[in-house]
Amino acid sequence: MSEHSDNSSDKEVYKPLIKDIKNSLDTHLKELTSRMFLDADETLFELADSATSNEDQSRYFELMRNLRDSKLEISSEFLSNMAHQLRPFEETESPKKHSTIESEDELSLVGQDEMEDMVLIKRIAGDVAGRCRDSLSHLEARLEHLALKTPEIFAKSALDPANICQAFDEAIRERFNITNKKLLFQLFETNVATKLDNIYDAVNNLLIDAGVLPQIKLHAIKSASKQRPTPPPEEYSDGEGDGSDQSINQGGYAMTATPGHGKQGGAQGAYSGGDAAGGSGAADEGGAGSQGGTQGAYSGGDAAGGSG
C-alpha cells in the first residue's frame with residue numbers, strides 16, 4: 001500500500017476520535033456553564049441580601065436579572081467560541097502568526113478596563129495551568145502526536161486555560177462593565193476553570209483508549225514513584241513468600257503480582273499497537289506461567305509470553 005493511501009486511511013480512522021473529543025468537550029462545558037449560572041443566581045441573591053447600601057443591592061439584583069435574560073446567549077456564544085478554537089490546526093495556527101505583531105502594537109493602546117481584563121484572565125489561566133500541569137502537558141503531547149497523523153485535529157494549544165478563559169471573556173465582553181465582569185469571572189473560575197482538570201482527564205482518556213501515546217500514563221506513575229519512600233529491599237521478593245500481593249517496581253513502573261496467577265504474564269500490554277501475550281502454561285495447584293510478556297511492546301512490537 002502506498003504512503004499516500006496510508007495517510008488517507010489515517011485521516012478517516014481518526015475522524016470518529018476527533019468527533020468524540022469535541023462532543024465530550026461540548027458536553028462537559030455545557031454542564032459546567034449551566035452550574036455556573038445556577039450558582040450565579042444564588043450568589044447574587046445572597047450578595048444583594050447582605051449589601052450594605054441600596055446602590056450595591058440594586059446592582060446585584062440588576063446583574064441577576066441580566067444574567068437570567070442572557071444566560072442562554074452567553075452559553076451559546078461561549079461554546080461557539082470554543083468550537084472556533086477546535087478547528088483543524090492548519091486553519092488556526094496560520095492566522096496566529098499574522099496577528100502576533102498586530103496584538104503587540106495594540107497592547108499599548110488598551111484602556112484601563114481592558115488591561116484589568118487581561119490581568120484577570122492571565123491570573124486565572126496561570127492558576128489552572130499550574131494545578132493541571134501534568135494532565136495538560138500530556139494532553140498537548142498527545143494532540144501534537146495526533147497532528148502528525150491527521151490534519152483534522154485542532155491545535156495542541158486550543159484547550160489551554162487562557163484560550164478557554166478568553167472564549168468566555170468574548171461571550172460577556174459587550175454585555176457587562178468591568179466591575180460586573182470581575183464578579184462573573186469569579187463565578188467562572190469557581191464553576192468552570194477549577195474543573196478543567198476533569199475535562200483534560202476525559203480527553204486524555206479518549207486518546208489513550210485510541211492508542212495515542214498511552215505510555216505517557218506510565219511516565220506519570222514513574223514520576224509519582226520517585227516521590228514515594230523506597231521500601232526495604234526485602235519487600236521486593238520474587239513472589240515466593242507469605243502469599244500476599246506484592247508491589248514490584250521495574251524500571252520505575254508499578255506492577256502487582258498476585259499469588260496463584262501467572263507471574264506478571266502479559267502484565268504490560270502493547271501500549272501503542274502491539275500485542276502482549278501472558279504466560280500461557282498450565283498452572284498446576286495455583287502455579288504460574290513464567291514471566292513471558294511482562295513488558296509488552298511499547299511501540300508497535302509483539303511480546304510473546306513464556307509457556308509454562
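Met115, Met118 and Val119 make up a nonpolar surface patch, and together they have about 250 Å² of accessible area. A patch here takes residues with over 30% relative accessible area and no salt bridge, joining nonpolar side chains (Val, Leu, Ile, Met, Phe, Trp, Tyr) within 5 Å and like charges within 9 Å. A salt bridge is a side-chain nitrogen of Lys or Arg within 4 Å of a carboxyl oxygen of Asp or Glu. Accessible areas come from the Shrake-Rupley method with a 1.4 Å probe, and for residues only the protein chains shown count as cover.

This is a predicted model: local features need pLDDT of at least 70, side-chain atom pairs count only at pLDDT 80 or more, and totals for chains, interfaces and linings use all residues. Residues are numbered from 1 along each chain as its sequence is written, and side-chain values use heavy atoms, leaving out hydrogens and water.

Now the helix. Met118 lies in helix H4, residues 112–131; helices are DSSP runs of H or I, at least four residues, numbered from the N terminus. Met118 is partly exposed, at 36% relative accessible area. Buried means under 20%, exposed over 50%, and partly exposed in between.

The buried residues of H4 are Asp117, Leu120, Ile121, Ile124, Ala125 and Val128. They cover an arc of only 120° around the axis, so they are on the same side of H4; the arc is taken from the directions from the helix axis to the C-beta atoms. On the other side of H4, Gln112, Val119 and Lys122 are exposed.

Last, Ala193, in the loop between H7 and H8. Ala193 is buried, with a relative accessible area of 0%.

Terms used. Helices (H or I, at least four residues) and strands (E, at least two) are DSSP runs, numbered from the N terminus. Buried means under 20% relative accessible area, exposed over 50%, partly exposed in between (1.4 Å probe, protein chains only).
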